[in-house]
Amino acid sequence: MRVNGNHICGGSIIKKNWIVTAAHCVSAVSDPLAYTVLHGSTNRIVESNDKRIRQVNLIIIHPSYSKETHNNDIALLRVSKDFDLNGSSAASIELDNDHDTENLIGENCWVSGWGTLDTYFNWLPNTLQAVQMPIIVQADSFYGADYNDLTMMIAGKPLGSFFFS
């Protein structure tokens, strides 16, 4: 996802013209016409006239989203031109209607994005990164009292463990 042509966040296709993303990605600029979506690419750097770019024409932020706690950090974006979900460059994800965190603890999930890879320099990779991580309980994480297991899920290694590849 881009704002004024600059990459800001990722998202997932859920229907032929809908993207789900984080509300914190779209809460600063309310004009949907400032946003575009690039689909079907694992590289975030493309020309502005790339035919895989879609214009956003509607933003719906969860009405109970909190910038302070990140509770209900979810938003929907409608694009003006449908994605071709029958081709090879775009696919939709399946949403889970039976959210039950307790049953998912210990299960692996995929985490992907273009987020920073370095703690000190905050540089962004050009290529999409992905890793499989276990879903963990709040007590095993660094999240405090703001964590809400009805609207959030934590993936990662428990506190005190190390990442090795």
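## Close-up views of a predicted model

View 1. The model is a predicted one, in which local features need pLDDT of at least 70 and side-chain atom pairs count only at pLDDT 80 or more, whereas totals for chains, interfaces and linings use all residues. Residues are numbered from 1 along each chain as its sequence is written, and side-chain values use heavy atoms, with hydrogens and water left out.

**View 2. Strand E7 and its two faces.** Strand E4 (residues 18-21) also pairs with E7 in the antiparallel sense, over four bridges, and here Thr21 has Ala75 of E7 as its bridge partner.

View 3. Seven strands form an open sheet in the order E2-E1-E5-E6-E7-E4-E3, with antiparallel pairing. Strand E2 (6-7) and strand E3 (12-15) stand at the edges with a single partner strand each, so one side of each has no neighbour in the sheet. Strands of a sheet pair through backbone hydrogen bonds, either parallel or antiparallel.

**View 4. The disulfide of Cys9 and Cys25.** Cys9 and Cys25 form a disulfide with their sulfur atoms 2.0 Å apart, the criterion being a pair of cysteine sulfur atoms within 2.5 Å. The pair links distant parts of the chain, 16 residues apart, with Cys9 in the loop between E2 and E3 and Cys25 in the loop between E4 and strand E5 (35-38). The link of Cys9 and Cys25 is left-handed, with -85° about the S-S bond. Cys9 is buried at 13% relative accessibility, and Cys25 is buried at 10%. By the stated rule the count comes to one disulfide, and the sulfur of Cys109 is too far for a bond, because the closest cysteine sulfur, in Cys25, is 17 Å away.

**View 5. Loop residues Ser88 and Glu107.** Ser88 is found in the loop between E7 and H1 and counts as exposed at 82% relative accessibility. Glu107 lies in the loop between helix H1 (101-104) and E8 and is partly exposed at 45% relative accessibility. Neighbours within four places in sequence aside, Glu107 is in contact with Met133, Pro134 and Ile135, where contact means heavy atoms within 4.5 Å. The C-alpha atoms of Glu107 and Gly87, which are 20 residues apart along the chain, are separated by 31 Å.

**View 6. The loop that holds Phe121.** Phe121 lies in the loop between strand E8 (108-113) and strand E9 (129-136). With a relative accessible area of 67%, Phe121 is exposed.

Technical notes. Buried < 20%, exposed > 50% of the residue type's maximum accessible area, 1.4 Å probe, protein only. Pairing = 2+ DSSP bridges.
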